[in-house]
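Please work through the exercises below with the sequence and the model at hand, and try each task before reading its solution.

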Amino acid sequence: MEWTLLFQLVLNGLVVGALYGVVAMSFVLIYKASQVVNFAQGEFLLVGAWACWWLLTNWQLPFWAGFLLTLAFMTVFGVLLQIIVLRPLIGEPVISVIMATVGLSIFFQALVKWMFGVFAQPFPPIFSVERVSLLGLEVQSVYVASLGVSAFIMLGFWWFFTYSKHGLAMRATAFDQQVAQSLGVSVPRVFAMSWAISAVVSAVAGVVVGVVNGVSSALSFYGIKVFPAVIVGGLDSIVGAVLGGLIVGVLENVAQYVDAQWLNWGNMYQIAPFYALILILLIKPYGLFGTRNIERV
Amino acid sequence: MTSMTPAGDFRSSYRADTTIFPTRGSRFAMLAGLALLCAAPLVFGRYELGLLIAIGYSAIAALGLNILVGFTGQISIGHAAFFGFGAFASALLVEWHVPVPLAIWGAGIMTALVGLVFGAPAARLKGLYLAIATLAAQFILEDFFARARWFSGGVAGRVTEPYELFGFRFDREETYFYIVLAHVVVLFVAAANLMRTRDGRALVAVRDHYLSAEMMGINLAYYRTLSFGIASFYAGVGGALYAHYLLFVSVEAFNILYSIQFLAMIIIGGLGSVMGSLMGAAFMVLLPEIVQSGADLLAGGAIDRVLRLGASISFLREMAIGAAIILFLIFEPDGLVHRWKMIKAYWKLYPFSH
C-alpha cells in the first residue's frame, strides 16, 4: 500500500467530486423547479467551456471579461432552451421530456464538434504559480482554485435559496406549483430562471474543468456522472447532490486505485459509479436519500 | 391517442375489435406490399438493398423497444447494448458450431436472459430511476464487451459466418434481404398478436395506470420483467441479423448514441404502434442518407466552403438525429403513424373531413 498515493487520489477525488457536486446541484435545481430530468446537463459544461475558450483565444479577451461574457451568454442560452424546447412539452409524459433533453444533448455535442473540432484545446494559462504545497502534498493551484470555486457556488446556492426572494419563489414552486401561482409567483419565469441558473453554474464548472484538463468533448461526460451522484444523494435534495458528487468523485478514484493494485479489470474509473448506482437502486429504488412518493389513486 | 374510426362504424364482437386487419382491403394491401418487397432485389441495386436490410434489423430491435416503452411504459436508454449482446452472442454460438439460422434465435434467447437480469431491478423502478438504471446497464455492458475477449473478441472485434440454410449461402445483399424480410414478418406478426392476448393487454394496462392494473390483479413485477425480456429478445435477434449481414462485430458500434437512435425510431414512428416501429426505423436509417445527399447538393458551393460540410458530415448526421427527435416531440408527438392515419382519414372522408 502506498499511502501517499492513496491520499493523493482521495484528494483528487474530492476536487473532482466537488465539481460533480456543483453539476449535480444544478441538475437537481432543474428537476426540483420544473420536474425535467436534464440529460443535457453535460452539454451546458461543454458549451460554456467552448464559448469561454473561443472568447479567450479568438478575441484575446482577458480572462475576467471572457468569463463574464460566457456567463451572460449561458443565461440567454438556458432561457432560450427552456422557452423553445421544454415549454411546449409541459404536461407530456416523462419519457417525452427525457427524450427531448437527450435530443438536445446529441445535438449540441455534434454542434460543438462541428464548430470546434474533436481535439482537446488547452486554455491560455491563468495562474502564474503552477503548484502549491498543501498538507505536505504538491497540488496544482488550479485544483485549489476549483475547490474554492465549488465551495463559493455552493455557498451562493445556500444563500440564494434561504434568503433571496427569487430563491424562495423557486422553492415555493417546487413545493406546489398551484399554491405558488396563487401567491403571485410567475411559474413560467421560475422555470426559465432555473434553466438559466443551471446553465450558468454548469458553465462555471465547465470552464474550471477546461482550465484543468483542456476543453474537449469529454466534458459532456460530467453530465452522465451526475446520475450516480444524484442517485446516491437523492434527486430532490441539493445538499444530497453535493454529498453524492463528493462520494462519486472519491469512489471512482479509489476504485481506480483498487483496480490498478489488485483487480486489473481496467476502466474502473468510468464504470465503478455505475455499479454502485445499480446496487443502490436494487436496495433502495428511490436512491439513498430520496423521498419515497406515496401514491394515491 | 384519438381513435380514427369514422362515425357509424361499430364493432359488434370482440373478435372484430381485436383483429389485426380491420378490413379486407387492409389485409390485401399488406400482402401486396409484401409481394412488392419480395420483388425489391430485382429493382434495386446492392446499396439500396443494404439500406433495406438495415431498416429490417433496426425495425426488429425498435419493435422490441416499442413493446417496452410504447406498450408497457417503461424506458430503456441501453437498447443498443442488448442489440450488441445479441450480435456477439450469435457470433459466439456460430463459433461453437451452431448453424447460423439457429444461432440467430439462440442469440435472441440469450439476450432475453440478460435482459431479465437487468429487468429484475427494473421491475421496482419507474420513469426517471429506470432511465438512469438502464443508462448504467449501457455503460456496464459496453465495458463488458470491451473487456471479455472470450465473448466479444475484445477491442479487435469478432468475425462471423454468413447465413447458410440447406447448403445455400445467403451472403449477398440480394439473397440476405429475404432472410431479414422473413424475420421481420415473423416477429412483427408475433408482436401484433401479442397485443391481442391477455399478456399484451396486461402490458398496456401497466402503461396506462399501473396502480389500477395492480388492483385488477395484474402482477406488476412479472409484467415489467417480462416486457424487458421480450424487448431484449427482439434486440438480440435484430443484433444477430446485423452480425450475419456485416460478418464482423465490434464494440464501438453499440454506444449510447445508437441506443438513442433506437429511442428516436420509436418516438418518430409512434410510441405504442407496431407499424410505427417500422416507419421510425426507415426514417432513422434514411435520415443520414438525406443529410448526405443534402451535403452533396451543396458541395463545392460557398456554403460548403464556409461550413466545411463535407469534412464534418458525421457531426451533421448526429445533429440531424438530435433535431429530428426534438422536432417530432414538439410538433408530432404521436409519430409518423399518426400522420399516416390522418392522411388516410382525410382521403376517406373527403370532402367532409371535419
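The exercises that follow treat the fold of one chain, one of its residues, and the contact between two chains.

This is a predicted model, in which local features need pLDDT of at least 70 and side-chain atom pairs count only at pLDDT 80 or more, while totals for chains, interfaces and linings use all residues. Residues are numbered from 1 along each chain as its sequence is written, and chains are lettered from A in the order in which they are written.

**Exercise 1.** Determine which elements chain A contains and in what order they run.

Solution. Taking helices (H or I, at least four residues) and strands (E, at least two) as DSSP runs numbered from the N terminus, one finds eleven helices and two strands in chain A. From the N terminus on, their order is α-α-α-α-β-β-α-α-α-α-α-α-α.

**Exercise 2.** Decide whether Ile90(A) is buried, exposed or partly exposed.

Solution. First locate Ile90(A), which lies in the loop between helix H3 (63-86) and helix H4 (94-116) of chain A. Then apply the cut-offs: 20 or more other C-beta atoms, placed from the backbone, within 10 Å of a residue's own make it buried, 12 or fewer exposed, and anything in between partly exposed. Because Ile90(A) has 13 such atoms within 10 Å, Ile90(A) is partly exposed.

**Exercise 3.** Describe the side of chain B that touches chain A.

Solution. Counting two residues as in contact if their C-beta atoms, placed from the backbone, lie within 7 Å, the contact takes 36 residues from chain B and 36 residues from chain A. On the chain B side, H7(B) gives the most, with twelve residues.

Terms used. Nonpolar A, V, L, I, M, F, W, Y, C, P; charged D, E, K, R; others polar.
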